[in-house]
Amino acid sequence: MKNIYLIDVTNRDGVQTSRILLSKLAKTMLNIYLDEMGIFQSEIGFPTLKHELNYINANLALAKKGAFRNMHLEGWCRAVKGDVELAFKNCPDIKHLNISISTSDIMIEGKFQGSKTWKDILKSMVEALKTARALGAETVGVNAEDASRTDIDKLIEFTHAAKENRADRLRYCDTLGADDPITMYQRIKKIAEATQFPLEMHCHNDLGMAEAVSVAGAQGAIESGVDAYINTTINGYGERAGNCDLVSTILALRYSHGFEDKVHLDEKIDLKKSWKMARYASYAFDIPIPIKQVGVGANAFAHESGIHADGALKDRRNYELYDPEDVGRGEPELLQTGRVITTGEYGGLKGFRHVYDELGIHFHNDKEARKILQLVQYANLHTQKPLTDDELRLIAEHPAEVSKILALSPRYK
Ligand SMILES: [Zn+2]
C-alpha cells in the first residue's frame, strides 16, 4: 500500500498572495510548527529572491543544528538552469528543490508569446533538473504549471522526462483550480499508470473544491501503485480563492467514508497540533479564522438549534464526525485580565527578565540578557505585533539564527 504525504506551501504560495504577508520570523515559526505536526516537507520560499536569503540560510542552519526533527526544507524556483544555479549560489546548503515550468498550450503561447515550443519546455526542465542534481540536490520535484489544462499525453511525456533524469516527483498543478474530483482522479490515474512515478497534487480553490480535488487525485495515485503528495497551506491561504487547506485535508483523509481506515496517511502527522498552528497563522497573517472553518473555526463544534443541541448532548456522535480534542481543542486558555508585563521594541532589562522568568528561561548574567533583549527589540520591530511565547523561546534558544533572520539590508543601486 502506498502512502500519502503532505507538502505545505504556505511559506511560498501562501505568502506570494496579493494583500497578505508574513514576517520572516513568522515564516520560521510556521516551519517549526509544521515540523512538530509531522509534515513531510515545507516549501520555505524563494532561494533566488534577495530578501529571502538570510531567512532561508538561517532556517537551513537551524536544520543543521537539529532544530527540525524530520521535515524537508525545500526551495522553489523556475525550471530554468540559471535559476537553479543562482539558488545554489545563494543557498549552498539547500538540499531540496521544486522547479516549475508551464506545460499547457494556453500558457506556453500566452506567456512565452511564440518564443518557446513544447520541446523548449522539456529541454529547459531537463537542463534545470540535471543542474540541480549536479549541484547536490538530494530531492527534486518537477512542477508542471497548469497541468490541469495540459494535454494528457504531453503531461505523460513530461513526467517520463522528469523520471528519466532523476527527479523524485511530478507536481501536477491545478493552477487555476479547474479540475473537479472526477477529472483529477482520472487524469492522475492515467499519468501514474503510464509512468509509475510519485505524484504531487497542487490544487487551488477557485471552484471551491481544492481539498476534494486533492484527495481524489491522491486516491488515483495510490490505487495506481505510486506514492501521493498533497500540497496544502495553513488555513487555505493562497492565490485568489486560496489553496488546499491543511487541516481539512488531514480530516478528509482520516474521517471521510471513502478514506477511513483505507488510506495510509503519513504516520508522522499529528492532527492535534492543528489548533495551535491555525491560530498562530491567523495571528501572524492578521486574518481572522472564519467562524465555519473546518476543524478550527469557532462554530466547528457549536450546537444551538433545538434538535441539534439535544442530540449532541445525548451523544456527541449524533452531530459530530470527530472530537474537538482530535484537532487540539478543548483545553482552557488563560487570558490575563489583570496586571501584565510584556517585552518588546521599547522594553528594558527588568521587564524582559520578568517575562523570560515566567517562561522558565533564565540568563546567566546581565550581559547575556542584554544581548537577547536587543534581539527581542528588533524581532518586535520586525513583526510589528506582540511577540508570542514561542517566538520569545525561539529568540533565546537560537539567537545567532534569529539575528540573521531579522537582518535585511536592501541596496539601492
Ligand atoms: Zn499554486
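Let me start with K27, a lysine that is buried at a relative accessible area of 2%, where buried means under 20% relative accessible area, exposed over 50% and partly exposed in between, using a 1.4 Å probe and protein chains only. What I am showing is a predicted model, in which local features need pLDDT of at least 70 and side-chain atom pairs count only at pLDDT 80 or more, while totals for chains, interfaces and linings use all residues. Residues are numbered from 1 along each chain as its sequence is written, and side-chain values use heavy atoms, with hydrogens and water left out.

K27 sits in helix α2, residues 24-36; helices (H or I, at least four residues) and strands (E, at least two) are DSSP runs, numbered from the N terminus. Leaving aside residues up to four places away in sequence, K27 touches N11, V15, L22, I44, G45, E52 and Y55, a contact being heavy atoms within 4.5 Å.

Now to the metal: which protein atoms are the donors of the zinc ion? They are OD of D13, NE2 of H202 and NE2 of H204, lying 2.1 Å from the ion, and along the chain they follow the spacing D-x188-H-x1-H. Donors here are N, O and S atoms within 2.8 Å of the metal (3.2 Å for Na, K and Ca), and since water is not among the atoms, sites may look incomplete.

Finally, the chain as a whole, which has 16 helices and nine strands. For 413 residues a compact globule would have a radius of gyration near 22 Å, and the 23 Å of this chain agrees with that; the radius is taken over C-alpha atoms, and the globule rule is 2.2 Å times the number of residues to the power 0.38. The C-alpha trace spans about 65 × 65 × 35 Å along its principal axes, and buried residues make up 55% of the 413. Among contacts with a separation of 6 or more, 73% are between residues 24 or more positions apart.
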